[in-house]
Amino acid sequence: MEGFALIKPNEEYVSQIKAYREEFRDCLDWMHGSGGLMQIADPEEWLRYVALCENPETVPDHKPSSSQFIYVRLADQKIVGMINIRHTHTEPFATWGGHVGYSVCPSERRKGYATQMLRAVLPECKKLGLDRVLLTAGDENVASVKTIVANGGVLEGRVMSPKHHVIVGRYWIEIE
Ligand SMILES: CC(C)(COP(=O)(O)OP(=O)(O)OC[C@H]1O[C@@H](n2cnc3c(N)ncnc32)[C@H](O)[C@@H]1OP(=O)(O)O)[C@@H](O)C(=O)NCCC(=O)NCCS
């Protein structure tokens with residue numbers, strides 16, 4: 001969408017990364033798709049961490065490698081959302097985790113940003129060799145379900161997420 005950019009996080013956005021994290025501090029929502037930013041308070045350390053995660057040879061803790069993006073509103077350079085693509089789809093994580101996770105900062109919700117950010121990331125998934133991607137969301141997360149369905153997500157079934165202790169729907173998006 002015009003006026004927004006999906007970009008790899010870098011040093012130029014250190015203060016905005018900090019602000020994004022702070023917006024979530026008083027909010028009960030999980031900061032999905034942020035490459036562990038909730039656990040890493042120092043933005044520069046987080047930048048180093050997400051760089052390590054991008055390479056299968058350096059990704060810590062035997063996790064799937066992943067690409068981190070920030071979704072920036074160009075008018076004020078604010079990070080309004082974060083989205084992460086896992087490159088591979090391996091068990092046990094694959095059953096309930098999916099390829100793509102995302103969040104929008106609490107003050108910027110209900111403006112269509114998640115829907116447009118997910119749309120913007122699909123070509124990046126394709127570049128990584130993914131022809132279709134799995135996303136998961138609990139039925140109670142109406143906003144996320146709508147975001148996925150608006151981008152062509154088709155419900156395959158439901159499974160228990162051991163991480164979040166909820167039943168999640170598994171949705172596949174075919175990428176053209
Ligand atoms: C889920 C989330 C990313 C949605 O972000 P958003 O930018 O507000 O979403 P959008 O504005 O694109 O809205 C998508 C749809 O959901 C609806 N919606 C948004 N928030 C809603 C809410 N709290 N309750 C009901 N519907 C909601 C919108 O009206 C829109 O519906 P429409 O297409 O029929 O108009 C955001 O709420 C969030 O970050 N939540 C915490 C992290 C999370 O749950 N991530 C998803 C992991 S599965």
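This is a predicted model: local features need pLDDT of at least 70, side-chain atom pairs count only at pLDDT 80 or more; totals for chains, interfaces and linings use all residues.
Residues are numbered from 1 along each chain as its sequence is written, and side-chain values use heavy atoms, with hydrogens and water left out.

We begin with E108, which sits in the loop between β4 (100-104) and α4 (113-127); such helices (H or I, at least four residues) and strands (E, at least two) are DSSP runs, numbered from the N terminus. E108 counts as buried because its relative accessible area is 5%, where buried means under 20%, exposed means over 50%, and partly exposed lies in between (1.4 Å probe, protein chains only). Leaving aside residues up to four places away in sequence, E108 touches R73, K78, V80 and Y113, a contact being heavy atoms within 4.5 Å. With K78 there is also a polar contact between the two side chains, at 3.0 Å; this term stands for a pair of N or O atoms within 3.5 Å, and within protein one must be able to donate a hydrogen and the other to accept it, while residues adjacent in sequence count only if both atoms are side-chain atoms.

An α-helix has 3.6 residues a turn, so residues three or four places apart point the same way. Just after α4, G129 takes a positive phi of about 95°.

We turn now to the ligand. An oxygen atom of the ligand lies 2.7 Å from a polar side-chain atom of T115, and a ligand oxygen is 3.0 Å from a polar backbone atom of A114. For R109, a polar side-chain atom is 3.2 Å from an oxygen atom of the ligand. Taken alone the ligand exposes 930 Å², of which the protein buries 74%, with areas computed by the Shrake-Rupley method with a 1.4 Å probe.

D61 belongs to the loop between α2 (43-54) and β2 (66-73), and it counts as exposed because its relative accessibility is 61%. Q77, in the loop between β2 and β3 (78-86), counts as partly exposed because its relative accessibility is 31%.
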